Amino acid sequence: PVTIATGSMALNSKNDLWVALFDSVSCIKLDGRSGYVKTIALPDVTNVPLASSSDLYNVPILSGFAGDNLLMPAGLDTDRLDNLYVAYSHPVVNAIVKYNADGKQLSSYYLPWMHQPVEILVDRESFVWVSAINLYTTEHPDLSSKNDYLYKFDSDLNLLNGYPISSLS
């Protein structure tokens, strides 16, 4: 048997199951009846390798991440048209990616540096909600005070006016 680390899961309207493969950057769609893999969604995004002289290596939260070229699917959800939305997490490069039902990337949105997505949800009106944690603030360089954010996008991943909102805004 093969062991894989899974993360978030979501059903589409056809009862197919999308599963985030936490250790391989991808998401797979499983047939709801047979369990066979129907398609794979893989982002067209890569992390930015950092030079060893970068100040980012002195940020403790980045230990083990910086330059590893590893995006992790933090969460996923589907909309009523069976499009897939995935929040990819990495302290340096964080992205929200929209795929069609066949796993083809349609659009993406990059969150600001160190705004790490935690969860994603598509509501009944096809608005995409993303919660994120700010892993680093200039006001608190010791990382002792984190600030959470809530993003809201339309179905094409355009950020809506007034977002993100924050507890410290």
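How many aromatic pairs does a search of the whole structure find? Keep that in mind as you work through these exercises on a predicted model.

**Exercise 1. Count the aromatic pairs, then classify the one formed by W129 and Y163.**

Step 1. The search of the whole structure gives 3 aromatic pairs.

Step 2. For W129 and Y163, take the ring geometry: the centres are 5.9 Å apart, and the planes make an angle of 85 degrees. Planes over 60 degrees apart count as edge-to-face, so this pair is edge-to-face.

Step 3. Now place the two residues on the chain. W129 belongs to strand β10 (residues 128-134), while Y163 sits in the loop between β11 (147-153) and β12 (165-166). They are 34 residues apart, and the pair links distant parts of the chain.

Step 4. Check the exposure of each partner. W129 has a relative accessible area of 23%, so it is partly exposed. Y163 is partly exposed too, because its relative accessible area is 23%.

**Exercise 2. Classify the pair formed by Y151 and F153, and decide whether each residue is buried or exposed.**

Step 1. The ring centres of Y151 and F153 lie 6.0 Å apart, with 5 degrees between the planes. Planes under 30 degrees apart count as stacked, so that is the label for this pair.

Step 2. Buried means under 20% relative accessible area. Y151 is at 1%, so it is buried. F153 is at 0% and therefore counts as buried as well.

Step 3. Finish with a charge over a ring. K152 lies over the face of F127, at 4.4 Å from the ring centre.

**Exercise 3. Trace the strand pairing around β3 (27-30) and find which way its side chains point.**

Step 1. Start with β2 (residues 17-21). Strands β2 and β3 pair in the antiparallel sense over 4 bridges, and V19 stands opposite I28.

Step 2. Inspect the connection. β2 and β3 form a hairpin with 5 residues between them, and V25 in the turn has a positive phi of about 70 degrees.

Step 3. Move to the next neighbour. β3 and β4 run antiparallel and are joined by 4 bridges; here K29 has T39 as its bridge partner. This is also a hairpin, with 6 residues between the strands, and G35 in the turn has a positive phi of about 85 degrees.

Step 4. Turn to the side chains. In a regular strand they alternate between the two faces of the sheet. In β3, C27 and K29 point one way, I28 and L30 the other way, and all are buried.

Step 5. Visit the loop between β3 and β4 (37-41), where R33 lies. R33 has a relative accessibility of 84%, so it counts as exposed. Between R33 and D16 the C-alpha to C-alpha distance is 7.9 Å, with a separation of 17 residues in sequence.

**Exercise 4. Give the strand order of the sheet that contains β5, and name its edge strands.**

Step 1. The sheet is open and has 4 strands in the order β5-β6-β7-β8, with antiparallel pairing.

Step 2. The edge strands are β5 (72-78) and β8 (105-110), because each pairs on one side only.

Step 3. From one strand to the next, the twist averages 20 degrees.

Step 4. Zoom in on one pairing. β5 and β6 (residues 84-89) are joined by 6 bridges, and P73 stands opposite Y88 in β6.

Methods:
Residues are numbered from 1 along each chain as its sequence is written. This is a predicted model: local features need pLDDT of at least 70, side-chain atom pairs count only at pLDDT 80 or more; totals for chains, interfaces and linings use all residues. Side-chain values use heavy atoms; hydrogens and water are left out. Helices (H or I, at least four residues) and strands (E, at least two) are DSSP runs, numbered from the N terminus. Buried means under 20% relative accessible area, exposed over 50%, partly exposed in between (1.4 Å probe, protein chains only). Two strands pair if DSSP finds at least two bridges between them. Axes are lines fitted to C-alpha atoms, for helices over the stretch in contact, and angles run from 0 to 180 degrees between N-to-C directions. Rings of Phe, Tyr and Trp (its six-membered ring) pair if their centres lie within 6.5 Å; planes under 30 degrees apart count as stacked, over 60 as edge-to-face and the rest as tilted. A charge sits over a ring if NZ of Lys or CZ of Arg is within 6 Å of the ring centre and within 35 degrees of the ring normal.
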